[in-house]
Amino acid sequence: MSSPGDQGTAASTGSNGVALPLAGQPGHGSTAFLRSQPVRIVDGRVEGGYTDMLELVCPDCGDHRDLDYSEVSWRLQWLRGPRMLEAALAAYHIHLGLAWPTRTEPKAPGAGGVEAGQAAVAR
C-alpha cells in the first residue's frame with residue numbers, strides 16, 4: 001500500500017541488501033505484520049496497554065516495532081493506521097500485493113458446512 005504522492009519507480013533495498021519490490025507489489029514486505037495498537041511505547045516497551053485498533057508495521061518500509069506512533073514519519077503513520085480488523089487485514093494484503101476480497105456474502109444454509117446466519121468471504 002502506498003500513500004498519495006509516495007509512488008516510487010525503483011525497488012527499495014531491504015536490511016539484508018536485497019532489492020525489494022515496491023509496496024503493493026507481490027513479494028514486498030515479507031517482514032510486515034499486524035499488531036494491536038499500543039497506547040504508548042516508551043524505551044521500546046508498551047505502557048498503558050493496548051487500544052482496540054490494529055497497526056500495520058513494515059520494517060521493509062523503514063518502520064520499527066519499538067517506535068511509538070508519534071516517533072515515526074507521517075508516511076509510516078499513514079501506513080500504520082490505526083484500523084479496525086477488516087480494514088487492517090485489507091491494508092496488510094494490499095501492502096504485500098496479495099488478493100483481498102472486498103465484500104462478504106452469506107452462503108445458503110447447509111452449503112459447504114456453513115450454518116444459516118454465518119457470513120463467508122466471497123472469492
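Let's start with Arg 35 and what it touches. Leaving out residues up to four places away in sequence, Arg 35 touches Ile 41, Met 53, Leu 54, Glu 55, Val 57, Arg 65, Leu 67 and Arg 80. Keep in mind that this is a predicted model. Arg 35 is found in strand β3. Buried or exposed? Arg 35 has 15% relative accessibility, and the cut-off for buried is under 20%, so Arg 35 counts as buried.

Now one name from that contact list, Glu 55. The side chains of Arg 35 and Glu 55 meet in a salt bridge, at 2.9 Å from N to O. Where do the two partners sit? Arg 35 is in strand β3, residues 33-42, and Glu 55 is in strand β4, residues 45-57. They are 20 residues apart, and the pair links distant parts of the chain. Glu 55 is buried, like Arg 35.

Next, Arg 80, also on the contact list of Arg 35. Which residue does Arg 80 pair with in a salt bridge? The partner is Asp 63, with the closest N and O atoms 2.8 Å apart. Arg 80 lies in helix α1, residues 74-80, while Asp 63 is in the loop between β4 and α1, so this pair ties together parts that are 17 residues apart in sequence. Both Arg 80 and Asp 63 are buried.

Arg 35, Glu 55, Asp 63 and Arg 80 are linked in a network of salt bridges.

How many salt bridges does the model have? The count comes to four. Another one of them joins Glu 47 and Arg 40, with the closest N and O atoms 3.2 Å apart.

Last stop, Cys 61. Cys 61 lies in the loop between β4 and α1. At 15% relative accessibility, Cys 61 falls under the 20% cut-off, so it counts as buried. Which residues is Cys 61 in contact with, leaving aside neighbours within four places in sequence? They are His 28, Arg 75, Leu 76, Leu 79 and His 95. Take His 28. Cys 61 and His 28 are 33 residues apart in sequence. In space, their C-alpha atoms are 9.2 Å apart.

To recap: a salt-bridge network links Arg 35, Glu 55, Asp 63 and Arg 80, and Cys 61 is buried in the loop between β4 and α1.

Definitions and conventions
Residues numbered from 1 in each chain as written. Predicted model: local features only at pLDDT ≥ 70, side-chain atom pairs only at ≥ 80, totals over all residues. Heavy atoms only, no water. Helix = DSSP H or I, 4+ residues; strand = E, 2+ residues; numbered from the N terminus. Buried < 20%, exposed > 50% of the residue type's maximum accessible area, 1.4 Å probe, protein only. Contact = heavy atoms within 4.5 Å.
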